[in-house]
Amino acid sequence: MKSKMISVWAVLLLSTSPIWAQKYHDAIVEDACGPVKMIKSDGEIFTYDSDGRLTAVDHEDVPDAKYDSNGYPVERCSNVCTQYEYNADGQLTSESYETLLGVMVIDYSYNSKGDRVKKMTTYGFSLMSVDTYRILRYDDRGNWIEREVLHRSTDDNGKLGNSKVTKETREIIYFTPTAPSGNSSPASGTDNSDWASLRESLIGKQITPNSPASTGWQALIGKRLLLTTYGISQNGQEVNRFQCQTGEYIKLGSNGILYWENRYDGSTSYRYRIDGKRIYLTQISGKETGDKWFELTSQNNGLIKTESNLGTYRYFSIVN
């Protein structure tokens, strides 16, 4: 029987964890993304199923939500009905609910990195408070786990009063799929529909890699990786694509230092640690950035693609 060739993306998929195909994105309300299983925050516990739906708060069942066509909750009703609105990037911009005396509205703002940085609460069109956030720590999925909160409430005249600074921490537990080997079954408690479909489609076919993707980050040590394209990933799709001609590049030194040169905001260096297809970064010089890790998602014909904890993707060309 004539062998069929499978493209390199299939090879990469088979060598890593399967795609997590969540239908819903309830965790975005709590400023978290990814296959979230549980969030423990300030005495509250939010529990989610493997499809991404919120199932309980503090172990109490919650009512089902109404969703838009992309799986984002737009309304959830209990004693009152709360409505949610989003921007084009899938970020929660406001939540509101109606009371006997007026409508409570909470608006959220984000910085260029996608961090939620401000919460503004109004009641009956009167400003009640403003919270400003500064992220102190992220987990390895790019979600914040420690932040500083600057809280300001309005006085009787409607003016913002003295500020109060507190610190918030949280723990996030994820569903973690593992790629099966041979005829073994995938780990229980994971969404394996995508993996099963792909595996079934490849039975009896020859998989022939057409690039050195399996070599990964280790093979790139000492090489200069020139940034050619930058953009934002949304629901697995590339959006806001920009072509880069600034000469910006990264280089992995054999001394364990990643040099990031010709950045628009100044050159930066990091200590790096390679773990499979992911490289973890600890900044040691330059202006503070939010990049904590890059994942090598494809490599072909002298071009590599990475995705970061910030929800950004980058293409680099290997120039030496």
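Two strands are taken to pair if DSSP finds at least two bridges between them. The model is predicted, and the points below are grouped by topic.

**Strand pairing**
- Strand β9 (residues 103-110) and strand β10 (residues 116-123) run antiparallel and are joined by seven bridges, and within this pairing D107 has M120 of β10 as its bridge partner.
- The hairpin of β9 and β10 has five residues between the strands, and G114 takes a positive phi near 95° there.
- On to the next strand, β10 is joined by six bridges to strand β11 (residues 126-138), again in an antiparallel arrangement, with D131 of β11 as the bridge partner of K119.
- In the hairpin of β10 and β11, two residues lie between the strands, and G124 takes a positive phi near 60°.

- The side chain of T268 reaches the backbone oxygen of G266 at 3.3 Å.
- Leaving aside residues up to four places away in sequence, T268 touches L258, Y259, W260, R263, Q283, S285, G286 and K287.

**The second largest pocket**
- The second largest pocket has a volume of about 890 Å³ and is lined by 36 residues, of which V29, E30, E44, F46 and E95 lie nearest its centre.
- By class, the lining of this second largest pocket comprises 19 nonpolar, 13 charged and four polar residues.

Terms used: Residues are numbered from 1 along each chain as its sequence is written. This is a predicted model: local features need pLDDT of at least 70, side-chain atom pairs count only at pLDDT 80 or more; totals for chains, interfaces and linings use all residues. Side-chain values use heavy atoms; hydrogens and water are left out. A polar contact is a pair of N or O atoms within 3.5 Å; within protein, one must be able to donate a hydrogen and the other to accept it, and residues adjacent in sequence count only if both atoms are side-chain atoms. Contact means heavy atoms within 4.5 Å. On a 1 Å grid over the protein atoms alone, a cavity is a set of points where a 1.4 Å probe fits but cannot get out, and a pocket is an open set with protein on both sides within 12 Å along at least five of seven lines; lining residues have an atom within 4 Å of a point. Grid points are joined across faces, edges and corners, and a volume is the space filled by probe spheres set on the points. Ala, Val, Leu, Ile, Met, Phe, Trp, Tyr, Cys and Pro count as nonpolar, Asp, Glu, Lys and Arg as charged, and the others, Gly among them, as polar. Helices (H or I, at least four residues) and strands (E, at least two) are DSSP runs, numbered from the N terminus.
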